[in-house]
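Welcome, and thanks for taking a look at this model. Here is a short briefing to read alongside the sequence and the 3D view.

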Amino acid sequence: MVAGRRIRFTAVLVAVVFALTGFSSSGHGHGSKSSGSGGCSSSKKRSSYNSNSNSNSGSNGSGKSSPSPTKSAGPPAHAQVVTCAGPGSPQAVLKVTSDVDTTRLVNVPLVFQGAGGVVERTTVPVSLKARETQTVTAKMAQKDKAADVSACVVGTIN
C-alpha cells in the first residue's frame with residue numbers, strides 16, 4: 001500500500017513540475033540546451049522562458065485586435081500643396097479633401113521649409129462637409145522670410 005501511494009505521489013509531483021516548467025507530452029519544444037543537466041537551475045530557466053513566451057503570445061493575440069481601429073480610422077482629411085510660398089508670395093494654396101462621411105473641422109498643419117530647415121510653421125483650420133474638397137490659403141506670419149522658402153510640406157491632419 002505504501003508503494004502505491006509513493007508512485008501516485010511521484011506521478012503527481014512529476015505532473016506539477018512539468019506543468020510549471022512548460023513541458024508538455026508533445027515535447028518541450030523550447031530548444032533548451034540545458035534540458036539534460038536537470039536540477040533546479042534548468043527548470044528555473046525553462047520556467048522563466050515559458051512565462052516570457054506566454055506573455056508574448058498573449059500580447060500577440062490582443063495586439064492584433066487593438067491597433068486595427070486606430071489604423072483603419074486614419075486622418076479625417078488629406079491635403080495637397082497647389083502652390084507654395086516663395087519670393088514675393090508669402091502664402092501657400094492647399095487643396096483639402098474630407099475623407100469621412102460627416103462634417104468636421106480639421107486642422108491642416110503646414111511647414112514652410114528652406115535650405116536651412118524650417119522657416120515657419122502654421123496650421124489652417126478648415127470646416128469640411130462630408131467628402132467635400134476646398135481650396136484654402138495658408139499665409140506666412142513673417143512675410144519677409146518668404147524668399148527663404150523652397151518647399152511646403154503638409155503634416156498629419158487631425
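A disulfide is a pair of cysteine sulfur atoms within 2.5 Å. This is a predicted model, and a search of the whole structure turns up one disulfide. That bond and its surroundings come first below, followed by the chain as a whole.

**The disulfide**
- The two partners are Cys84 and Cys152, with an S to S distance of 1.9 Å.
- The disulfide is right-handed, because the torsion about the S-S bond of Cys84 and Cys152 is about 80°.
- Cys84 sits in the loop between strand 1 (77-83) and strand 2 (91-98), while Cys152 belongs to strand 6 (residues 151-154), so the bond ties together parts that lie 68 residues apart in sequence.

- Cys84 is partly exposed, as its relative accessible area is 28%.
- Cys152 is buried, with a relative accessible area of 14%, where the cut-off for buried is under 20%.

**Fold of the chain**
- Three helices and six strands make up the list of secondary-structure elements in the chain.

**Contacts and surface**
- Among contacts in the chain with a separation of 6 or more, 58% are between residues 24 or more positions apart.
- The chain has 158 residues, and 23% of them count as buried.
- Its accessible surface comes to about 10400 Å², with 56% of that belonging to carbon and sulfur atoms.

Notes
Residues are numbered from 1 along each chain as its sequence is written. This is a predicted model: local features need pLDDT of at least 70, side-chain atom pairs count only at pLDDT 80 or more; totals for chains, interfaces and linings use all residues. Side-chain values use heavy atoms; hydrogens and water are left out. Helices (H or I, at least four residues) and strands (E, at least two) are DSSP runs, numbered from the N terminus. Buried means under 20% relative accessible area, exposed over 50%, partly exposed in between (1.4 Å probe, protein chains only). Contact means heavy atoms within 4.5 Å. Accessible areas come from the Shrake-Rupley method with a 1.4 Å probe; for residues, only the protein chains shown count as cover.
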